[in-house]
Every structure is written in structure tokens, then in C-alpha cells.
Amino acid sequence: QMTNAVLYTDGSAAIRPDGTFLCGYAYVFVVDGVPVIGKAFPGVGTINQAEMCAVYKGMEDALIHHINVTAVYTDSTYVVNGLQANYEKYDTNEWTNAQGSEVSNKEMWVRIIEFTRKHNIQIPANHIKGHTGQPFNELCDKLAKEAAMSQMPVVEYSDINMASNLGFNVPETINPFPVAAVAGDPIMPEEVSDITDVLKTYTDD
């Protein structure tokens, strides 16, 4: 039996001295008004790419855990416009925009299309204005920034029983945000993944 949930997502990005973008993306499952579990992951990419990955990975996680996502809320108009209309139009227009140029983030949009078609699902995207105090949007924003700064996964939950009931192995997924990354310089691994690589999971098999 599937559990209904609302999915909130957000992305965060900052530019490094070498010109690359350090980013994080996050999503939170909300069941009956309770933010059951939130996850965030690091990467290298732009803010729009981070926003796209947040939605994609949240939907993928929902599929894995038999969660029926009744609505997706993001503060990215870029993602909402793409999901509601643009990407289907571009898919039939050889991925060119009105100016005749190739659509930005084409590879990522193609991956999202392949994912939705393969699993016969829709992504019910809705726009929510960011930084207005909406608690679940603010939680996503916080998690995404923490993942970007630390370049480490971050997990938070408010209801361990419900999270366990949804199939999340909570004790093994908890990864506290390192204090050093808050107090001083971000903790950086020797290598970080290009964020476009995260879309190559459910669509490649």
C-alpha cells in the first residue's frame, strides 16, 4: 500500500574561486503535515541543476519507498515551468528554444523525461515563493545549504517511527552536519561529483 506525501525540494549553489559551482540539493517528505524525513546531497553544478536534481531524486526516492507524491513544491520557477510545459515542447522541437539555440541543461531534462516515461509517473510541480517562512521550504533550504557547504550528505527526520514505516533505514542514514563546516571553512573532499551524474541511476538500467 502506497503512502501519500507532499514533496518539498530546494537547491543551493555558490561559486568557488576556480569558477565552478559548489551546490547542494534537498528534499523533504511531508505526511499529514509532518516533515517525516529530509535528505540533502552535495555536488558541483549550477543552481538550476541543483533545483532539478532535488525534484528528480525526491521522486526517485518516493518510487523506491512506495510513496505516492500528491504534490511537489519548489521555489524554482525554472523547474516548475520546465515540468509543466517547456520540456515536453522542447522534446518535440529538437531541444531548441525560441532563439534557435539548444536548451540549457538538455541532458538533465532528457533524463527526467526518460524517468517519468519509464515509470509512468507525473511530477505534479507547484511553485512556492522562497524565503517567506514556509517551514518545509525553509527546511529544504537549510539542508541544501548544509550539504553544499560540507560536501557531505545530510539527513534529518522528525518522526522516526513513520520514517521506518516508509522503509527508511533511519539509524544508518543519519549523517550529522559537521560543526567544523559551520564554524569555519567548508569541509571539501578531494573530488566531488558533477551533479549531472546523479541523474544516471534509475534511467540507465
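I took contact to mean heavy atoms within 4.5 Å. On that basis, residues 24 or more positions apart account for 71% of the contacts in the protein chain with a separation of 6 or more.

I noted the conditions before going on. The model is predicted, so local features need pLDDT of at least 70 and side-chain atom pairs count only at pLDDT 80 or more, while totals for chains, interfaces and linings use all residues. Residues are numbered from 1 along each chain as its sequence is written, and side-chain values use heavy atoms, with hydrogens and water left out.

**Fold content.** I looked up the elements, which are DSSP runs numbered from the N terminus (helices: H or I, at least four residues; strands: E, at least two). The protein chain has 7 helices and 6 strands. Their order from the N terminus is β-β-β-α-β-α-α-β-α-β-α-α-α. For burial I used relative accessible area with a 1.4 Å probe, protein chains only: buried is under 20%, exposed over 50%, partly exposed in between. Of the 205 residues in the protein chain, 46% count as buried.

**Helix pair.** I fitted axes as lines to C-alpha atoms, for helices over the stretch in contact, with angles from 0 to 180 degrees between N-to-C directions. The axes of α1 (residues 47-64) and α2 (residues 77-91) come within 9 Å and cross at roughly 55 degrees. α1 and α2 are therefore oblique to each other (under 35 degrees is roughly parallel, over 145 roughly antiparallel, 65 to 115 roughly perpendicular, the rest oblique). The contact is made by Asn48, Glu51, Met52 and Val55 of α1 with Tyr78, Val79 and Leu83 of α2.

**Aromatic rings.** I paired rings of Phe, Tyr and Trp (its six-membered ring) with centres within 6.5 Å; planes under 30 degrees apart are stacked, over 60 edge-to-face, the rest tilted. The structure holds 7 such aromatic pairs. Tyrosine 27 and phenylalanine 29 have ring centres 5.7 Å apart and planes at 75 degrees, so this pair is edge-to-face. Tyrosine 27 is buried at 3% relative accessibility, and phenylalanine 29 is buried at 0%. Tyr25, Tyr27, Phe29 and Phe41 form one aromatic cluster.

**Alanine 14.** Which strand holds alanine 14? I found alanine 14 in strand β1 (residues 3-15). Alanine 14 counts as partly exposed, at 45% relative accessibility. Leaving aside neighbours within four places in sequence, alanine 14 is in contact with Thr20, Phe21 and Leu22. The C-alpha atoms of alanine 14 and glycine 45 are separated by 9.1 Å, with the two residues 31 apart along the chain.
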